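The following exercises guide a reader through one structure. Each consists of a task and a solution worked in steps.

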Amino acid sequence: MQPPRAISDYLDRLTRELSFDAPLARRVRQEVEDHLLEAAAAEPEEEAGEAQLRAIRQFGDPHRIASEYAAQSLFRQTRRVGTVAVLVASGILVSMNVRGAWYGWLQWSISDELKAVRKVGLLIDLYAFIIALAIGILGWAYIGTRRMATSFDPPYRDQVKRCLLLCTVAAAPLIATVVTDTVLTALRLLEAGLRLAALVPVVTMAGEIAFAVALVVQIQKAMKRAALASSLFCS
Amino acid sequence: MLKGHLDMIVLAALSSGPAHGYAIIQEIRRRTGGAFELPEGTIYPALHRLEQVGLLGSEWTTGESGRRRRVYSLTKRGARALADQRAVWQRFRDAIGGLLGERGSAAASRNL
């Protein structure tokens, strides 16, 4: 059943204000619809239209309510990005070690040209990973010590920006690690040709790429949400 | 001032049992004799925030009207947090009571 026009219009406004987080907007809309209908029905002696308008007035400004939700939504999102970054870094480290152990166990030999490329690649890998880990720990500590604000005001917006910036800066060398690993593994497999032993490097590389993509998607999602919330509440 | 105590007010309103948003507001109004007139919409972000930090749990149910509604309840952590906040509030009330020379406050009793 459709809610009355006044309530429906109010819910549309609230949903628009919450457009930075679609699942949250759906949940809030359903809760608020139930609230407004119940509040309007609680005054049976009042004319229906007037009761609805009174319920809406008492509920408050949708912009202000949505601003409080924005703070929560972005807090949750930045924490998620931080967690994903830590998981991705751990996953990449495990993947690299499994592949290295596999090469060692099979005593997988490579040509002298590839050895020279591998030397450079491993240096890039090492330093990129150390940089990513250092920034990641810093970011994790920063995000972990932030408190959830009650509204999406400019100081909180700046805090969210700093969290996302740290995640992005940590993600960049991680992605460099994955790209280097992909090139080194591809060269090794091209040299060795197709064989069953290639399965472990292929699977671990696929895992690394999936981890990197997951991290980029999470950061992108959080940035989009933060930009949308900023445009709605900080203008 | 009320905003600073909103979490405690919501937790206290739920101490008598699970309830949906509108019922929580009615409970606050009933217990305070309508002393707090805050925009009703501010309760919902507080409910969501308390749920996120694990002080409340919630689930969708179907009300008598047939509409789906979210019912909130105190978790064990929420009950503990309420007890802590109640104790802090009690100390604050006693201290201010003593300062204002009210009878029955802890500070006033010590001075007797």
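The model is a predicted one.

**Exercise 1. Determine the strand order of the sheet in chain B, and explain which strands stand at its edges.**

Solution. Begin with the order: the open sheet of chain B has 3 strands, arranged β1-β3-β2 with antiparallel pairing. Next, consider the partners. β1 (19-20) and β2 (56-62) of chain B each have a single partner strand, so one side of each is left without a neighbour in the sheet, and these two strands stand at the edges.

Then examine one pairing in detail. β2(B) and β3 (residues 68-74) of chain B run antiparallel and are joined by 7 bridges. As an example of facing residues, Glu59(B) lies opposite Val71(B) in β3(B).

**Exercise 2. Compare the span of helix α4 of chain B with the expected value, and describe the backbone just after this helix.**

Solution. Helix α4 of chain B covers residues 76-99, which gives 24 residues. At 1.5 Å a residue, a span of 34 Å is expected; the distance from the first C-alpha to the last is 35 Å, close to that value. Just after α4(B) comes Gly101(B), whose phi is positive, at about 75°.

**Exercise 3. Describe the make-up and overall dimensions of chain A.**

Solution. First, list the secondary structure: chain A contains 7 helices and 0 strands, and its pattern along the sequence is α-α-α-α-α-α-α. Second, consider the extent. The C-alpha trace of chain A spans about 90 × 40 × 25 Å along its principal axes. Its radius of gyration is 26 Å, whereas a compact globule of 235 residues would have one near 18 Å. Among contacts in chain A with a separation of 6 or more, 82% are between residues 24 or more positions apart.

**Exercise 4. Locate the domains of chain A and characterise the contact between them.**

Solution. The domain assignment of chain A gives domain 1 (5-60) and domain 2 (64-233). The centres of these two domains of chain A, taken over C-alpha atoms, are 42 Å apart. Across the boundary, 9 residues of domain 1 of chain A are in contact with 10 residues of domain 2 of chain A. On the domain 1 side, α1 (5-17) and α2 of chain A each supply at least two of the touching residues. That side divides into 5 nonpolar, 2 polar and 2 charged residues.

**Exercise 5. Which helices of chain A supply at least two residues each to the side that touches chain B?**

Solution. Start with the counts: 18 residues of chain A are in contact with 15 residues of chain B. On the chain A side, α2 (22-41), α3 (48-59) and α4 (62-106) each supply at least two residues. The largest share, 9 residues, comes from α2(A). By type, the chain A side holds 8 nonpolar, 5 polar and 5 charged residues.

Conventions. Residues are numbered from 1 along each chain as its sequence is written. Chains are lettered from A and ligands numbered from 1 in the order in which they are written. This is a predicted model: local features need pLDDT of at least 70, side-chain atom pairs count only at pLDDT 80 or more; totals for chains, interfaces and linings use all residues. Two strands pair if DSSP finds at least two bridges between them. Helices (H or I, at least four residues) and strands (E, at least two) are DSSP runs, numbered from the N terminus. The expected span of a helix is 1.5 Å times one less than its number of residues. Two residues are in contact if their C-beta atoms, placed from the backbone, lie within 7 Å. Ala, Val, Leu, Ile, Met, Phe, Trp, Tyr, Cys and Pro count as nonpolar, Asp, Glu, Lys and Arg as charged, and the others, Gly among them, as polar. The radius of gyration is taken over C-alpha atoms; the globule rule is 2.2 Å times the number of residues to the power 0.38. Domain bounds come from an automatic or database domain assignment.
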